[in-house]
Amino acid sequence: MAKALIVYATRTGETQNIGELIAEGVRFSGHEADVVGVKEVKNESDLDGYDGYVFGSSTYHGEMLQGMKTFLFLAEKANLEGKVGGAFGSFGWSGEANDRIFDTMKHILKMNMIGDTLRLKSSSLGGGQQMAQDYGREIAKKFNG
Ligand SMILES: Cc1cc2nc3c(=O)[nH]c(=O)nc-3n(C[C@H](O)[C@H](O)[C@H](O)COP(=O)(O)O)c2cc1C
């Protein structure tokens, strides 16, 4: 059984909701998943012991939240090279954050990223719940090879 860590930054809770649903998708596939807010991660050793990582932030003024920026610098110090990765975020109209997170995980952290990011306005709109759970299932597929 593999284990995923989902780390989110949120202002009003939408991105957290998406993260929780991604975790459900991982668990439906027979693997384990923990979900934590960026502020709960105090140092890089908190990232030890996982096979996959999914990081998410909502977009404000075209950017990810500051907490996620700070967290990504911390993640740079953990050795996540080759680990399964994905990125997500809630957005209103432009949604840059999830792409920036994805690119950082790919190019700087050198992780084994799944095909695309997950960008949703809300987990409760337009099939969002299913899409978020399916994203978790995609992460789980990558665990299986
Ligand atoms: C002041 C403000 C600025 C925002 N800027 C953007 C933006 O640049 N692009 C975008 O797609 N959404 C923007 N949004 C919308 C948020 O990303 C959206 O409400 C999202 O669902 C919030 O998710 P959260 O609860 O996880 O923080 C903005 C919202 C506020 C209140």
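## A quick tour of the fold

The protein chain has four helices and eight strands; helices (H or I, at least four residues) and strands (E, at least two) are DSSP runs, numbered from the N terminus. This is a predicted model, in which local features need pLDDT of at least 70 and side-chain atom pairs count only at pLDDT 80 or more, while totals for chains, interfaces and linings use all residues. Residues are numbered from 1 along each chain as its sequence is written.

**Overall layout**

- Starting at the N terminus, the order of elements is β-α-β-β-β-β-α-β-α-β-β-α.
- The C-alpha trace spans about 35 × 30 × 25 Å along its principal axes.

**Where α1 meets α4**

- Helix α1 (residues 14-28) and helix α4 (residues 128-143) have axes that come within 6 Å and cross at roughly 50°. Axes are lines fitted to C-alpha atoms, for helices over the stretch in contact, and angles run from 0 to 180 degrees between N-to-C directions.
- On the α1 side, the contact includes I18, L21 and F28, and on the α4 side it includes Q129, Y135 and A140; two residues are in contact if their C-beta atoms, placed from the backbone, lie within 7 Å.
- The residues of this contact divide into ten nonpolar, four polar and three charged. Here Ala, Val, Leu, Ile, Met, Phe, Trp, Tyr, Cys and Pro count as nonpolar, Asp, Glu, Lys and Arg as charged, and the others, Gly among them, as polar.

**Around the ligand**

- Among the 17 residues around the ligand, R11, T12, T15, S58 and G92 come nearest; a residue is near a molecule if its C-beta atom, placed from the backbone, lies within 6 Å of it.
- Both α1 and β4 (59-60) supply at least two residues each to the shell around the ligand.
- Sorted by class, that shell has three nonpolar, twelve polar and two charged residues.
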